[in-house]
Amino acid sequence: MATFPPEDLAMRVCQAAADLSSAQQRFLADLIRIRSYTGCESEAVERTLAELRAIGCDEVWMDSAGNALGRMGQGKPIILYNAHLDTNEVADENEWQHPPLTPVVEGGAMWGLGASDCKAGVASIVYGAAIIKTLNLHLDCTLIIMGATLEEDAEGFALRALVERDGLRPNCVLLAEASDLCLRRGQRGRCEVRIRTTGEAAHASQPQLGESALLKMLPVIQALEDMNRQLPDDPLFGRDTQVVTLIEGPHTPNSVPSWCEIAVDRRLAPGVRREDVLDAIRAVVEPLGASAKIPDQPVLTHTGLRLDGPSFYPGWMMELNDPLLEAGRATAIALWGDAPPVGVWEFSTDGTYSAGEAGIPTLGFGPQEERFVHTPDDQVDLLKLEKAAAFYAMFPFVYVQQQ
Ligand SMILES: [Zn+2]
C-alpha cells in the first residue's frame, strides 16, 4: 500500500524550502526592522499583507482587530496558522550585542528583536504557504495564515476577535511560537487579580485621625504568599504559583493612605477556572478586610478598536492521542523520518483562546528556541527557520488525508 504523503512530496517540499530560504530570510529581516510593540503593529501588518500578496495567496485582508490574514484554498476543513507580529519591549538597548531593530546574520542565526518571539514564526507560516504555491500543490482545505496582533499584552484577544467578531471558525489552530522544532500540546494559563484595602485619609502630621490602607494590606500580602503552599498541583505542569507583583496607593506622601491596591500574577494549570482562582483568594483576603477582583485588561488595537476583557487566560492541554498531535508527528516523520518530542509551554500563547476558551484543537510548532525569547540574545537559527517552513507546507496534506 502506498504511504501518504508520498516520499517525493517531502523531497519537493524540502527542496522548495531551501530554494525559498533567501526570500524567507529577507522577509524576516524586514519584520525585525519594523518596531511593532503591542497595539502599534500597523507597519508590520502592512509588510505581512504585502508578503502574503507576493507569495500568491488567493485572498489577503486585514480583519477588524487589525490582524494580517491570507487565504489559500477553500472548503473544509479550515486550518489556521497563527504567529504574532507584536514584540516585547526592549528594556535596555545597551545589553544588546547588535542593535535590536537591525537584523544581523551571525553564526548561522538571524539576530534581532522579535526573531524568536515571534517573527520567525510569522516567516515560517508565510513561507509554508509560499512553498505550497511554488509547487503548485492543490489544497483540499482552506489554509489561513494569520500575522496576529496584541499577543504580548493580551494573548488570545486578537484571535478571539477574528473568531467571534469576524466569524472565521477554524477546525484547528497551529501556533508558530518557540518550540525548537518540537511539538507543544498545551500551556499554563495566567490570571491577574487585584486586591484592595480601604482606610481613612488624614494629614500625616496627625495619623491618629486616619486609618492606613497600606498597613491593612501587610497581612494580606503575607497571606497571599502563604497560599502558594496549597495551590492546585498538576502532574504535568506542577503547582500553580502566585506572586504579588505591584503595590499602589494615593500619590500623596504627606497623607495617611486611604486606599491600597496590589496586583497578583497567578499561573495556573489547565482546568483551573476563573471562579476557582477568585473564590480561593477571597476566602483568604476578605476576613482581613480586603476585596478581590479580576480586572479588565485594557486593549486597544492599532485599528482603533477597543477589545477590553477580563485578565484571565486559561491553560489548555491536548490529549497525547489527539488526531491533531498525530498529524503533527506524521508531518515531521514524512519530512525528516523522526517524530519530534512533545511537550508543553511554560509561557502563555494565543492558544489560551483557541484551545482554552473556544475548544479548538491547537498544536504548537516553531523554529525558535525558548531560551532566546525576551532576551537581548534574541535570534533564530536559519536552518531551523527553513525546516519550519517545510513543516507548514507539508502539514495540510497530512492533516486532510487523516480526516
Ligand atoms: Zn510569542
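Author: Start with one term. A helix is a DSSP run of type H or I with at least four residues, and helices are numbered from the N terminus. One more point: this model is predicted. Now use the term. Cys118 has its place in helix H4, residues 115-134.

Reader: Which peptide bond at Cys118 is cis?

Author: First the general idea. Most peptide bonds are trans. Here, the bond from Asp117 to Cys118 is cis, with omega near 10°. Another cis bond joins Lys76 and Pro77, with omega of about -10°. Pro77 sits in the loop between strand S2 (68-72) and S3.

Reader: Are His84 and Glu177 buried or exposed?

Author: Both His84 and Glu177 are buried.

Reader: Now the rings. How many aromatic pairs does the structure hold?

Author: There are 10. To read one, take the distance between ring centres and the angle between planes. Planes over 60 degrees apart count as edge-to-face. For Tyr81 and Tyr392 the centres are 4.6 Å apart and the planes are at 70°, so this pair is edge-to-face. Tyr81 belongs to strand S3 (residues 78-84) and Tyr392 to helix H11 (residues 382-402), so the pair ties together parts 311 residues apart in sequence. Tyr81 and Tyr392 are both buried.

Reader: Which residues do ring pairs link into a cluster with Tyr81?

Author: The cluster holds Tyr81, Trp336, Phe365, Phe391, Tyr392, Phe395 and Tyr399. Lys387 lies over the face of Trp336, 5.1 Å from the ring centre. Elsewhere, the charged end of Arg190 sits over the ring of Tyr313, at 4.0 Å from its centre.

Reader: How many residues are in the largest nonpolar core?

Author: The general idea comes first. In soluble globular proteins, nonpolar side chains tend to be buried together. Here the largest nonpolar core has 71 residues. Among the members that touch the most others are Tyr81, Leu174 and Phe395. H11 gives the most to this core, with 14 residues. A second, separate core has 22 residues, including Cys191 and Phe312.

Reader: What is Phe395 in contact with, leaving aside its neighbours within four places in sequence?

Author: Its contacts are Ile79, Tyr81, Leu174, Leu324, Ala327, Gly328 and Thr331.

Reader: Last one. Which residue has a positive phi of about 55°?

Author: Most residues other than glycine have a negative phi. Asn136 is not a glycine, yet its phi is positive, about 55°. Asn136 is in the loop between H4 and strand S6 (142-148). Its relative accessibility is 69%, so Asn136 counts as exposed. His374 also has a positive phi, near 60°. His374 lies in the loop between strand S22 (362-365) and strand S23 (379-381). At 43% relative accessibility, His374 counts as partly exposed.

Terms used. Residues numbered from 1 in each chain as written. Predicted model: local features only at pLDDT ≥ 70, side-chain atom pairs only at ≥ 80, totals over all residues. Heavy atoms only, no water. Phe/Tyr/Trp six-rings, centres within 6.5 Å; stacked < 30°, edge-to-face > 60°. Helix = DSSP H or I, 4+ residues; strand = E, 2+ residues; numbered from the N terminus. Buried < 20%, exposed > 50% of the residue type's maximum accessible area, 1.4 Å probe, protein only. Lys NZ or Arg CZ within 6 Å of the ring centre and 35° of its normal. Core = buried A, V, L, I, M, F, W, Y, C linked by side-chain atoms within 4.5 Å. Contact = heavy atoms within 4.5 Å.
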